[in-house]
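I opened this model to look up two interfaces. My notes follow in the order in which I took them.

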There are 2 protein chains.
Amino acid sequence: MSTSVARVVVCLEEVGAEYERVDIDFAAKEHRASPDHLNRNPFGQFPAFQDGDLLLLESRAIGRYILRKYKTGDVDLLREGNPRDAAMVDMATEVEAHQYTPAISPIVYECIFHPAMRGTPASTKVVDESLEKLRKVLEVYEARLGGGAPPPRLSYFPFTFYFMVTPYAPLFDEYPRVKGWWERLAARPSVRKLAAGMAISPEAIRRSFNG
Amino acid sequence: MSTSVARVVVCLEEVGAEYERVDIDFAAKEHRASPDHLNRNPFGQFPAFQDGDLLLLESRAIGRYILRKYKTGDVDLLREGNPRDAAMVDMATEVEAHQYTPAISPIVYECIFHPAMRGTPASTKVVDESLEKLRKVLEVYEARLGGGAPPPRLSYFPFTFYFMVTPYAPLFDEYPRVKGWWERLAARPSVRKLAAGMAISPEAIRRSFNG
C-alpha cells in the first residue's frame, strides 16, 4: 500500500522484469532500525532497491533506472533518444513530484490512510485547501492535454488510484481530458495488476501497516 | 537570486549555450499575472524556459533538457548511455530535491532571504530543526562519498551557495568529503560565473526582489 513502493513496482510490471518484493515490518519500524535496510536506504525510508550490487533509493530514480534498463523498441517510456520527447517526460515527472502529489496526497492521507491507521476523521480544512490546489493543477493539465493520447505517466498512478476511492473522485469528471488520460493509464495491464493487489478497505490498510 | 532560476542558468553556462535571460517584475507579481509568462509557466512560478516553440517548466526538468541537448563526448553529466551511471545521477538529483533541499532551504530563507525581504530575524526554532535534518543528510553523503572525485551535481549549487554565506557554513567542516565535493563544484567555471553575479547582501537581495 505504500505509494512510493507502488511507483517502483508498476515500472517493474510495465517492463515485465523479474523481481522479488521483500516486505518490511512497518509497525516494528524495521525501515528505521534494520542494518540491512539502512544499508539499502540510509535515510530509513522506503522503497530500497537492489539489482546485483547496485543499491538505489528514491522511487522516481528507481523507476527511471528500470524503464531505462529494460527499454525496448516497443516500450521506451523515457524517450531519451529524443531531447524534446524526453523533456516532456521529465517535465511530467517533475510536475507530478512538485505540483500534483503535494496537492493530491493530503486528500488521500486524510480520507484513506489516517482514518484506517489512526481512527481519526478527515480534516475538512486540509481536504478543502488541497482540493483547491488540485483544481488548479487539473485545470492546467486539462488545458495542456491535447486531443491525442498522451504517453502514460506511471508515477501518477499510486496517488490517483487512491484518490479515486475517496468521496472526491467525481472531481475528475470536470476535467474530461484528464479523466480520459487517467482511464487509459488505469487500463494498462501493469497498472491493473498493481491496483488489484492494493489495500483499499480500512481493515486491509490496518493489516498492511500493522502486520 | 532565485535558486530555481540559478539551477537552470548554471546548466546553460556549463554547456556554453547561448541564451537570453528575461527578468520578471517580481514585486509586481508579473509571474502570476502576465499572460506571456503564464503561457510559459501556467503554474505562475519561475523559471519558465523557451527554446524555439518548446516551452518547459520545473527547473530540474529544464536542466536535464539543456544537459541532454548540448551533450558532447567531454561534457555528459546525465550519462544516459550507461544505466548504472545514469541511475547515480538520477538518485543524486532526487535526493537533492526530496532530502537535501527540504533540509537546507529553510536555513537559507531564515538567515538570508527573509531578513532582507521582510526585515524579520531568523527563527531559531526553524533553523535548529532544519540543521538537525541537514546533519542527517550530510552524514549519509559523507559515508557514501568515496575517496575519488564524484561527478558534479549542479542542482545542489544554488542552496549550498547561499548556505555558505550563513553563520552555519562551518557545519560543512565536520564532513570533509562533502566539503571537498562542494569545493570542487564551486570551482567549476560555470558555478563561479553564476556565483559572482548572485545577490548576497541584504541591500542587493531587496533590490532583486523589489526591482
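Entry 1, inside chain A. Across the interface of domain 1 and domain 2 of chain A I find 5 salt bridges, a salt bridge being a side-chain nitrogen of Lys or Arg within 4 Å of a carboxyl oxygen of Asp or Glu. I also looked up the pair Glu96(A) and Arg7(A), whose side chains form a salt bridge at 3.8 Å, N to O.

Basis. This is a predicted model, in which local features need pLDDT of at least 70 and side-chain atom pairs count only at pLDDT 80 or more, while totals for chains, interfaces and linings use all residues. Residues are numbered from 1 along each chain as its sequence is written, chains are lettered from A in the order in which they are written, and side-chain values use heavy atoms, with hydrogens and water left out.

The domain assignment, automatic or from a database, gives chain A domain 1 (3–69) and domain 2 (83–210). I note 13 residues of domain 1 of chain A in contact (heavy atoms within 4.5 Å) with 20 residues of domain 2 of chain A. The two domains bury about 1,400 Å² between them, 65% of it on carbon and sulfur atoms; buried area is the accessible area (1.4 Å probe) that two parts lose on being put together, summed over both. In domain 1 of chain A, Thr3(A), Val10(A) and Arg60(A) lose the most area to domain 2, together 37% of what that side buries.

I find 33 residues of chain B in contact with 33 residues of chain A. Chain B and chain A bury about 3,100 Å² between them, with 62% on carbon and sulfur atoms.

Arg84(A) forms a salt bridge with Asp53(B), and the closest N and O atoms are 2.8 Å apart. On the side of chain B that touches chain A, α5(B) gives the most, with 12 residues; helices are DSSP runs (H or I, at least four residues) numbered from the N terminus. By class, I count 19 nonpolar, 4 polar and 10 charged residues on that side of chain B. Here Ala, Val, Leu, Ile, Met, Phe, Trp, Tyr, Cys and Pro count as nonpolar, Asp, Glu, Lys and Arg as charged, and the others, Gly among them, as polar.

Key: Helix = DSSP H or I, 4+ residues; strand = E, 2+ residues; numbered from the N terminus.
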